[in-house]
Amino acid sequence: MNPKIWLSSPHMGQQEFAFVKEAFDTNWIAPLGPLVNGFENDLELFTGSKYAAALSSGTAALHLALVMLDIKMGDEVICQTLTFSASANPIAYLGAIPIFIDSEPETWNMCPDLLETAIKDRILKGKKPKAIIVVHIYGMPAKIEEIVAIGDKYGIPIIEDAAEALGSTVNGRSVGTFGLMSILSFNGNKIITTSGGGALISDDEKFICQARFLATQARDAAVHYQHSQIGYNYRMSNVCAAIGRGQMQVLPERIKQRRRVYEYYLENLSEIPCVDFLPEPDGSFSNRWLTAVLIDSSKGNGVNRETIRLSLEKDNIESRPLWKPMHLQPVFKDYPSYINGISEPLFNNGLCLPSGSNLKDEDLKRVVDIIKKHF
Ligand SMILES: Cc1ncc(COP(=O)(O)O)c(C=O)c1O
């Protein structure tokens, strides 16, 4: 059996161990400490966001963002349909109603025109949505400037789900700095990892202070344990932040490496007529967290994304269909959705190829050779 090629596996640099040793040497083995503060500072410097709170996951960050926007039972929250379920689950945690919006073809993210149609329709039906969750899927920036303009026009706050897009920019500005608040993820499969972790970033200090407060069980300023509101145990541990500080040192290199993986596939597969790539629109820069291709089975002797996925699997290579849209998920299918027919064929024809920054040329060649054999 050939060695396993993962879709996206952790890729440590040189300094993570030294930072973890510092946590042990100083006995800061807690969900707070100097490395958490240092990691937050690293994130602020890298993204250009004024404030960051390091948390236990990206999902926790999104949950807190919605809590701070006072989302309650029965409120409506707009969410991109083509995404991972973690973008929508926190809406359900609060008993609120997700309203799903389909994609546009240039970035595969939320379609601004459909967003505006949906907002107008929800208002007509008697309820203005209380927030918009837009995702930068696979690292590709959404049409965020247009979406923010629509949010401003209707007075609806934007939360960016930049879980997959640390390092991506629009006109030189980091994604995650356009919305009122944004979330990042450092899960094991992300461009950098803290093994598990996330962050909330914002230019508004009050949200970040409040997030830190809520994430540590909402403990009031009193020597005894006193609580005036419901809290959560969502803070990042100092040990995880130690890994994160090491990873931040190699993030620029990781972005280059992921983009090189994309270029490799593009150079070696684009001559196949039924294989399509997602180019960056003008002004957009993607961290290329995952390279996804579309396989048009009508152009290529019936070969589809599943044929290719299975033959990669046979050779011990992990690949994965695109996210199944939320409006097609059994758990979310009965919620309102505004659909233009873009995301469903993306799901049917799209395949994420191994994209880790630690892949060697020989690994990429193995993937390419198997795909080419089908044509
Ligand atoms: C688009 C998206 N949103 C949210 C999350 C949730 O992040 P986490 O796994 O850190 O909770 C992830 C990744 O897992 C994601 O891919």
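A cavity is a set of grid points where a 1.4 Å probe fits but cannot get out. In this predicted model, the largest cavity has a volume of about 100 Å³, and the structure holds one cavity of 30 Å³ or more.

The chain is divided into domain 1 (16-249) and domain 2 (250-373). Their C-alpha centres lie 25 Å apart, and the contact takes 48 residues from domain 1 and 39 residues from domain 2. Both domains give residues to the lining of the largest cavity, so the cavity lies between them. Among the lining residues are Thr107, Trp108, Ile137 and Tyr138, together with Tyr262, Leu278, Ser286 and Arg288. By class, this lining has eight nonpolar, three polar and one charged residues.

The next feature to follow is the sheet. Strands of a sheet pair through backbone hydrogen bonds, either parallel or antiparallel. Here, eight strands form an open sheet in the order β1-β9-β8-β5-β4-β2-β3-β14, and the pairing is mixed. Strands β1 (51-55) and β14 (337-338) stand at the edges with a single partner strand each, so one side of each is left without a neighbour in the sheet. Strands β2 (residues 76-80) and β4 (residues 131-135) run parallel and are joined by three bridges; Cys79 stands opposite Ile133 in β4. Helix α3 (residues 58-68) packs on the sheet, where it touches β1, β2, β4, β5 (158-161), β8 (181-185) and β9 (198-202). The direction of α3 makes about 165° with that of β8. Helix α7 (residues 205-215) lies across β1, β8 and β9, and runs at about 15° to β1.

The largest pocket holds about 270 Å³ of space. It is lined by 20 residues, and Phe84, Ala86, Ala163, Ser185 and Lys190 are the closest to its centre. The elements that give two or more residues to this lining are α3 and β8, with the largest share, three residues, coming from α3. Seven of the lining residues are nonpolar, ten are polar and three are charged.

The second largest pocket has a volume of about 160 Å³. Of its 14 lining residues, Ala142, Lys143, Val170, Asp282 and Ser284 lie nearest its centre. Helix α6 (residues 144-154) gives the largest share of this lining, three residues, and the classes divide into five nonpolar, four polar and five charged. Domain 1 and domain 2 each supply at least three residues to the lining of the second largest pocket.

Terms used. Residues numbered from 1 in each chain as written. Predicted model: local features only at pLDDT ≥ 70, side-chain atom pairs only at ≥ 80, totals over all residues. Heavy atoms only, no water. Pairing = 2+ DSSP bridges. Helix = DSSP H or I, 4+ residues; strand = E, 2+ residues; numbered from the N terminus. Contact = heavy atoms within 4.5 Å. Axes fitted to C-alpha atoms, helices over the stretch in contact; angles between N-to-C directions. 1 Å grid on protein atoms, 1.4 Å probe; cavity = no way out; pocket = protein on both sides within 12 Å on 5 of 7 lines; lining within 4 Å. Points joined across faces, edges and corners; volume = space filled by probe spheres on them. Nonpolar A, V, L, I, M, F, W, Y, C, P; charged D, E, K, R; others polar. Domains from an automatic or database assignment.
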